[in-house]
Amino acid sequence: MKRLDLIVSERELDSVIKALDKANAPGYSVIKHVTGRGPDTSVSEGMDFSGLGANAHVIVFCEQDVVDKLRELVNPILDYYGGVAYVAEAHPM
Amino acid sequence: MKRLDLIVSERELDSVIKALDKANAPGYSVIKHVTGRGPDTSVSEGMDFSGLGANAHVIVFCEQDVVDKLRELVNPILDYYGGVAYVAEAHPM
Amino acid sequence: MKRLDLIVSERELDSVIKALDKANAPGYSVIKHVTGRGPDTSVSEGMDFSGLGANAHVIVFCEQDVVDKLRELVNPILDYYGGVAYVAEAHPM
Amino acid sequence: MDTSLILQNLLTPPVLFFFLGAIAVFVRSDLEIPAPLPKLFSLYLLLAIGFKGGVELGHYGLGGQVIPTVTAAIVMSLVVPLVCFAVLRLKLDVFNSAAIAAAYGSISAVTFITAESFLESQSIAYDGFMVAALALMESPAIIIGLILVNLSARQKRPDAKGMNWGAVLHEAMLNGSVYLLIGSLLIGFIGASHSPAGIEKMDPFTNKLFYGALCFFLLDMGIVAAQRVKDLQKAGWFLIFFSVLMPLLNGVVGGFIAKGLGLGPGNALLFIVLCASASYIAVPAAMRMTVPEANPSYYISTALGLTFPFNIIIGIPLYMGLVNKLIPAVS
Amino acid sequence: MDTSLILQNLLTPPVLFFFLGAIAVFVRSDLEIPAPLPKLFSLYLLLAIGFKGGVELGHYGLGGQVIPTVTAAIVMSLVVPLVCFAVLRLKLDVFNSAAIAAAYGSISAVTFITAESFLESQSIAYDGFMVAALALMESPAIIIGLILVNLSARQKRPDAKGMNWGAVLHEAMLNGSVYLLIGSLLIGFIGASHSPAGIEKMDPFTNKLFYGALCFFLLDMGIVAAQRVKDLQKAGWFLIFFSVLMPLLNGVVGGFIAKGLGLGPGNALLFIVLCASASYIAVPAAMRMTVPEANPSYYISTALGLTFPFNIIIGIPLYMGLVNKLIPAVS
Amino acid sequence: MDTSLILQNLLTPPVLFFFLGAIAVFVRSDLEIPAPLPKLFSLYLLLAIGFKGGVELGHYGLGGQVIPTVTAAIVMSLVVPLVCFAVLRLKLDVFNSAAIAAAYGSISAVTFITAESFLESQSIAYDGFMVAALALMESPAIIIGLILVNLSARQKRPDAKGMNWGAVLHEAMLNGSVYLLIGSLLIGFIGASHSPAGIEKMDPFTNKLFYGALCFFLLDMGIVAAQRVKDLQKAGWFLIFFSVLMPLLNGVVGGFIAKGLGLGPGNALLFIVLCASASYIAVPAAMRMTVPEANPSYYISTALGLTFPFNIIIGIPLYMGLVNKLIPAVS
Ligand SMILES: Nc1ncnc2c1ncn2[C@@H]1O[C@H](COP(=O)(O)O)[C@@H](O)[C@H]1O
Ligand SMILES: Nc1ncnc2c1ncn2[C@@H]1O[C@H](COP(=O)(O)O)[C@@H](O)[C@H]1O
Ligand SMILES: Nc1ncnc2c1ncn2[C@@H]1O[C@H](COP(=O)(O)O)[C@@H](O)[C@H]1O
Ligand code: NA
Ligand code: NA
Ligand code: NA
């Protein structure tokens, strides 16, 4: 099975979750209040009080086919708004 | 070495940590306030104020033998209360 | 590509981020308020109110050469103050 | 007359802030009160209500109507879940029926507080000892719920583990919100006789600030309740009717008991609200742990998504109308 | 005279706590106010200011100077971004120009609140209806910003998606801070006539506590603003000048409009502050979503890193000096 | 007489809430106050105590007993760690001894605040300038601790890095809690003369709310301290005795110094509490960074798990008994 790590702005979290539902992901977990830096922009906890918010880290354990579907649905969001998505191997314990 | 990711309700965190101690895990890290969805149920931040709580994400870097011991100790908890556990490869930097 | 997981005390986060910048990491994400236990010491949420703080979990997706540079820069911090660093494989979605 | 009471209730800040939160969800505003801020307010409200109730109980003493009222309250928290269970079993399995029944036997502290501030806005007196009834109605309903599961479902439980009664009692009596409420009640009670200076210095925190903090918390409760409405649709018509009719039934029964106990109008309203409200803090936490077979979205969405708003918005003035009919005010 | 006003402003607790936060960053103290605590204070301040303004508006009614003042405020929130855009296009691309322009057309609630407490420390009266102007200046500037992007950049946008006007209007009118401010204003307005008891019981929360909470929040704003100063250096001299001179220009224009409207000195200062301040809460959130091409560090560092401290520390007393010149106080 | 003071102290809300928190841990209730809410209260208490102290210092001026008292306090914060170090070296290594010694030389603001509210419940006067002593005792003890490490352990440190004195001084003077306390003190001091209106408007926040917020925080401190008791058992009898006897010794010495300084009973009690209390906020943070060789569970569990509860519950009334013997109250 696969492990998918998505890091996007909290503001785009709803769209990403919609994509996960559409791709029939068996489940997902979300960690909010994530800060960080990308090649161009940085997100600090300092702006957490504003509507700007911080990032969210979404973890999905799923089969390859879900990853394939997600690629189509999520990549446009990442391209437009920023954020990263990485896939790795993982196995149920 | 292995990397183990456990996602369980915060209410079961104590039992999971006891299991980790019993299995002689060399250490672990815990992130609280994790939300998410499984095949049947979903955990939202909205209920965080109640005793229901959110999920916790436990990360353990350990050898295979610890994983083996944990499988026996933790799987009954996951079966009864829900939650997921995945194993992946990882190496000390 | 590689996925690097660093878990250090929030008090050393600034030094780690400086190291990441120096090693030309393409980006990173930080989760604060992480608790946990190592071989000797444990970090609980209970002391979060004090200056002692909790741990931070830093995730870096990067190429092997960044990992190599980071090894030199970050390991002294981990040796002196504690904390763990693990590397795994990951691929852009 | 009821309509005017409903309107008077509707236009108070607490109810309006509840609406503001609920509407935020329906118009998809991104207004949110991030965790753990709502927990701060819920801990504060429990601490403050327990403390204030304890102080008044300390001044009032354990005589008069205290013991009969509290006893009647405990009896209601044992009887209501049995009735609910019988009704719910018409459509639901043992686990879900027991979990929902426990929620309706228990109470909602925020509904109680909102009823108190309704009484204050109507200048109707009530007594601090009602908080003791509130505090003591939480645990019995949980225990009844678990007894029901055990009696009806012994064979149906997947593993032979059975029930760990130690854990159940522990969860029923010592879960955070019950513990804080009872503890603060005791501290107020002790302080009333032994630390009058301390009691007075708590006043700005536990008393003056209370109304505003309630409004803030109701803003969040409006958001959370509205988020549950979707679940309610999934739960179906049976549970929707249950969530409105059961409080009404329990409220009417409570009204007659209050009359029988000879309670004044203010205390009577609070007694009714205790009977009619359902728990969405302590009970779900206990059920999640002890009856994991039940679907949380059922017991949370009924208690929080419908019964809570119903009581806050329409129930309280309706019950007040009932009280006005049953119990002639002493003027 | 201005210097003495500046000094009087400098030595009030809110401004001093702002400095305390800013200095903490410069001396690299590890003082921090972890998320989401600042959000608690920002939600609280919006709720309280909206509520208090609504109550006063309820007592005052919609007659007198209310409609003209609010209308003038909205017009300013439409005109200011156009002027800013023209200036910014000298050096910046369409996206960044439009985003910064929108921020300066909109307002900063904390600057407004600080101006109110400055007026109180000077015992100068002002009216609650100014909060209505505050609330209604947030959205138009956002919409103008997005129209500017759309008109000037139709070809420049990478994909053909164009603008989703529903989403834009939604973001402009319903983002959390605008929604909470307007909602609390309405609740205060309704409560003023229908729930006088409720209004009174809110007072310790929304009124008494307000000044201290403002100080606490300004401590955090000092930290956050100082962290932005580095970004400002990167942004270059053009934006640094812009962040100081534009508020001055908008303030002076606002002063003449206030005079034209016949506002008293207190209201005039608040009107000027609305014109001169820039948004770092609602607008950045809207721009982040609708103009992702713009670099957030530009519009945040200008509005928050320089214009905000400038207004808080020097601007407010300076504008007061202008008011004193333009509008003779009625004594 | 001491017993009656102990009982009077025991039954005040702050001490009872501390017990409520501690008992929650022992009965394994799931009551918890999630991060970062405790941080909110700790920041608030430091800000409020600093501000109030500063205002009173501003009114009082720097004459009278201020300079001698503050000087004596600083001397105690230098001497106490030396004595502690000598005692601790009997059983512990250099690193742990120095870290614990630094904690006992420094102070606990919450113990100080609890002593203040004990004095108020006893209607005994004290002066705001004692907060200045509090603020100035934090840093010297940290520096002495690090000098001790450096002198005794030069060879024992694993790497040749040695001590970065810049970092040490920075940590000692500018860690968040010291910085906020001193900063708020200065703001109160400045405000006292330059912004009387501001001072008055801070009162509901920094003064009225204070007692309740202290109770809430002590509820959390009870939880946290009780969680440390297990560590204490591991630490062994030597440290357990140390945690109780050392405060007593330091308290008695402090009592005689207070008498020598001619302090009134209220100030004398506060002076004793400064000497007898140990730091579990600023010092652990500094030691964690500068002496990572020391085991945090030693210095936290002694200062927080035992000395803090001991002082709060028994120490304060005991020291009051001592004050009553040493310093005849002026009646
Ligand atoms: N290489 C990376 N490793 C880990 N997180 C990253 C990386 N690049 C970006 N991120 C995260 O993704 C967010 C958005 O990045 P960006 O796409 O540059 O706007 C950042 O704020 C980080 O939290
Ligand atoms: N496929 C998945 N990927 C990531 N997280 C999951 C997945 N399935 C479940 N979870 C997490 O585990 C929690 C419990 O799931 P469940 O076992 O369905 O009750 C959920 O709330 C999620 O946070
Ligand atoms: N084996 C491990 N797996 C996961 N996290 C760990 C592990 N060991 C240590 N940690 C984390 O790293 C922190 C510092 O550990 P230490 O280096 O022992 O001080 C701990 O508090 C944990 O959060
Ligand atoms: Na009930
Ligand atoms: Na403006
Ligand atoms: Na000391």
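Predicted model: local features only at pLDDT ≥ 70, side-chain atom pairs only at ≥ 80, totals over all residues.
Along the chain, the donors of the sodium ion (ligand 6) follow the spacing Y-x1-S-x167-L-C-x1-S.

## The sodium ion in chain F

Five residues supply the protein donors of ligand 6: Tyr104(F), Ser106(F), Leu274(F), Cys275(F) and Ser277(F), each through its O atom. These donors lie 2.4 to 2.9 Å from the sodium ion. One pair among them links distant parts of the chain: Ser106(F) sits in the loop between α5 (94-105) and α6 (109-121) of chain F, while Cys275(F) belongs to helix α14 (residues 265-276), and the two are 169 residues apart.

Are these two residues buried or exposed? Ser106(F) has a relative accessible area of 0%, so it is buried. Cys275(F) is buried as well, with a relative accessible area of 2%.

While you are looking at chain F, find helix α8 (residues 138-153). At 1.5 Å a residue, its 16 residues should span 22 Å, and its end C-alpha atoms are 23 Å apart, which agrees. Of those 16 residues, 13 are buried, so α8(F) is largely enclosed by the rest of the structure.

## The sodium ions in chains D and E

Now turn to chain E, where ligand 5 is a sodium ion. Its protein donors are the O atoms of Tyr104(E), Ser106(E), Leu274(E), Cys275(E) and Ser277(E), at 2.4 to 2.9 Å. The spacing of these donors along the chain reads Y-x1-S-x167-L-C-x1-S. Here the pair to look at is Ser106(E), in the loop between α5 (94-105) and α6 (109-121) of chain E, and Leu274(E), in helix α14 (residues 265-276); this pair links parts of the chain 168 residues apart. Ser106(E) is buried at a relative accessible area of 0%, and Leu274(E) counts as buried at 1% relative accessibility.

In chain D, the sodium ion is ligand 4. Its protein donors are the O atoms of Tyr104(D), Ser106(D), Leu274(D), Cys275(D) and Ser277(D), which lie 2.4 to 2.9 Å from the ion. In sequence they are spaced Y-x1-S-x167-L-C-x1-S. Which parts of chain D does the pair Tyr104(D) and Ser277(D) tie together? Tyr104(D) lies in helix α5 (residues 94-105) and Ser277(D) in the loop between α14 (265-276) and α15 (282-290), so the pair joins parts that are 173 residues apart in sequence. Tyr104(D) counts as buried at 0% relative accessibility, and Ser277(D) does too at 1%.

## Ligand 3, between chains B and C

The next stop is ligand 3, which has 19 residues around it. The closest are Ser29(B), Phe61(B), Gly38(C), Asn55(C) and Gly83(C). Because the surrounding residues come from chains B and C, the site is shared between chains. Strands β2 (28-37) and β4 (55-62) of chain B, along with β2 (28-37) of chain C, each supply at least two residues of the shell. By type, the shell divides into 9 nonpolar, 9 polar and 1 charged.

## Ligand 1, between chains A and C

Ligand 1 also has 19 residues around it, and Gly38(A), Asn55(A), Gly83(A), Ser29(C) and Phe61(C) come nearest. Its surrounding residues belong to chains A and C, so this site is shared between chains. Strand β2 (28-37) of chain A, with β2 and β4 (55-62) of chain C, each provide at least two residues of the shell. The shell residues divide into 9 nonpolar, 9 polar and 1 charged.

## Contacts with the two ligands

| Ligand | Residue | Protein atom | Distance |
|---|---|---|---|
| Ligand 3 | Tyr28(B) | polar backbone atom | 3.5 Å |
| Ligand 3 | Ser29(B) | polar side-chain atom | 2.8 Å |
| Ligand 3 | Asn55(C) | polar side-chain atom | 2.8 Å |
| Ligand 1 | Thr41(A) | polar side-chain atom | 3.2 Å |
| Ligand 1 | Asn55(A) | N or O atom in the side chain | 2.8 Å |
| Ligand 1 | Gly83(A) | polar backbone atom | 2.6 Å |

Taken alone, ligand 1 exposes 490 Å², and the protein buries 91% of that. For ligand 3, the area exposed when taken alone is 490 Å², of which the protein buries 91%.

Terms used: Residues numbered from 1 in each chain as written. Chains lettered and ligands numbered in written order. Heavy atoms only, no water. Near = heavy atom within 4 Å. Polar contact = N/O pair within 3.5 Å; in protein donor to acceptor, adjacent residues only side chain to side chain. Areas by Shrake-Rupley, 256 points an atom, 1.4 Å probe, with all protein chains shown as cover. Helix = DSSP H or I, 4+ residues; strand = E, 2+ residues; numbered from the N terminus. Nonpolar A, V, L, I, M, F, W, Y, C, P; charged D, E, K, R; others polar. Donors = N, O, S within 2.8 Å, 3.2 Å for Na, K, Ca; no water. Buried < 20%, exposed > 50% of the residue type's maximum accessible area, 1.4 Å probe, protein only. Expected span 1.5 Å × (residues − 1).
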